Amino acid sequence: MGDLVRTFLSGTWDLCFKVFVIVVPIMVVLELLEGTGPWRALVRGWSRLVGGLGFTEETAAPTLVGFVFGIAYGGGIIVRDTKLHSLGRRQVFLMSVFLSMVHAIVEDSLVLIALGASAIWVVGFRLVWAAVVTLVLGTAAAVVARRRVT
Amino acid sequence: MDEASHDPNARVPLRMTVRRDVLRGLKSGVLTFWMLARVMVPAYGAALILDRLGVIHALARVAGPVMSPLGLPGSAAVPLVVGYIMNIYAAVGAMTALHLTGPQITVLALAILIGHNLIVEGAVLRKAGMSGTGFGVLRVVAGLAAAALVNVLMRVL
């Protein structure tokens with residue numbers, strides 16, 4: 001029991017430290033970038049890339065953050081933007097599906113590639129897979145929603 | 001400091017907006033950290049207790065037969081389930097204990113990359129108004145499906 005508590009305390013410290021040093025700089029950098037030309041260009045380029053999956057430009061920005069930094073670290077921006085822009089349920093659903101299939105593309109992938117996984121499958125195939133699943137579930141959700149209305 | 005901008009009227013507002021943005025970023029960063037910590041720490045504790053109670057090992061034994069369509073030995077269920085409940089790093093730790101071939105590592109890696117840290121990340125999704133359980137199930141099922149597909153594709157290609 002004592003060692004469980006000790007593991008919990010040191011793990012909690014680790015977790016909180018990591019989240020803090022990642023989240024606070026991300027928020028500062030985002031605050032500085034938002035509204036600048038290059039950031040708008042990046043979001044516009046990204047939203048054109050994922051627009052075919054049904055994302056609006058407002059959802060594309062938090063999706064990009066989650067895609068790069070992960071659900072846990074990007075979660076703050078995801079939750080913030082969901083409330084800030086009052087993103088619709090469909091947009092949050094699409095974003096959740098896409099990020100469920102692929103997030104933290106750099107950190108997580110590198111850890112497993114270092115272990116011997118093939119980058120083409122782990123990154124390339126996963127991106128295609130995420131797009132297909134988002135498209136299929138997005139279409140299915142739209143059909144269900146339409147049925148419910150009529 | 002900045003040789004290019006001699007115009008005082010252009011410099012002052014920029015410095016002020018930078019300061020305002022940094023302060024605003026620090027504030028929302030700390031608030032976000034607090035929101036995440038309140039969600040993540042209890043989830044982490046729950047995962048630790050589940051591990052201590054032997055739930056992870058019991059689940060791994062049940063999941064053993066599911067591994068064969070993926071071309072994986074039953075023992076590969078351990079890092080998979082460890083990843084579902086804990087996180088990628090814990091899964092990698094469990095993975096290094098097994099002797100897997102290169103293609104097996106790739107297949108298992110894909111399933112882990114899609115489905116991991118389900119309790120903590122599910123809590124974040126719930127905070128955004130989605131069902132944490134629903135997305136947990138989606139990630140397990142879709143991750144296994146993707147891994148099975150890649151297992152076949154790697155043989156064919």
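Predicted model: local features only at pLDDT ≥ 70, side-chain atom pairs only at ≥ 80, totals over all residues.
Visitor: Which average pLDDT does chain B have?

Guide: pLDDT is the predictor's confidence in each residue, from 0 to 100. Chain B averages 85, and 92% of its residues score at least 70, whereas residues 1-9 of chain B stay under 50. The model as a whole scores ipTM 0.83 and pTM 0.81.

Visitor: How many helices and strands does chain B have?

Guide: Helices (H or I, at least four residues) and strands (E, at least two) are DSSP runs, numbered from the N terminus. Chain B has 7 helices and 0 strands.

Visitor: What radius of gyration does chain B have?

Guide: The radius of gyration is taken over C-alpha atoms, and the globule rule is 2.2 Å times the number of residues to the power 0.38. For 157 residues a compact globule would come near 15 Å, but chain B has 22 Å, and its C-alpha atoms fill a box of roughly 70 × 40 × 30 Å along the principal axes.

Visitor: How do helices H2(B) and H3(B) pack?

Guide: Two packed helices are described by the angle between their axes and the distance between the axes. Axes are lines fitted to C-alpha atoms, for helices over the stretch in contact, and angles run from 0 to 180 degrees between N-to-C directions. Helix H2 (residues 55-63) of chain B and helix H3 (residues 77-85) of chain B pack at about 130°, with their axes 8 Å apart. That makes H2(B) oblique to H3(B), given that angles under 35 degrees count as roughly parallel, over 145 as roughly antiparallel, 65 to 115 as roughly perpendicular and the rest as oblique. Among the residues making the contact are Ile56(B) and Leu59(B) of H2(B), and Val78(B) and Ile85(B) of H3(B).

Visitor: How many residues of chain A are in contact with chain B?

Guide: Two residues are in contact if their C-beta atoms, placed from the backbone, lie within 7 Å. By that rule, 43 residues of chain A are in contact with 46 residues of chain B. H1(A) gives the most to the side of chain A that touches chain B, with 16 residues.

Definitions and conventions. Residues numbered from 1 in each chain as written. Chains lettered and ligands numbered in written order.
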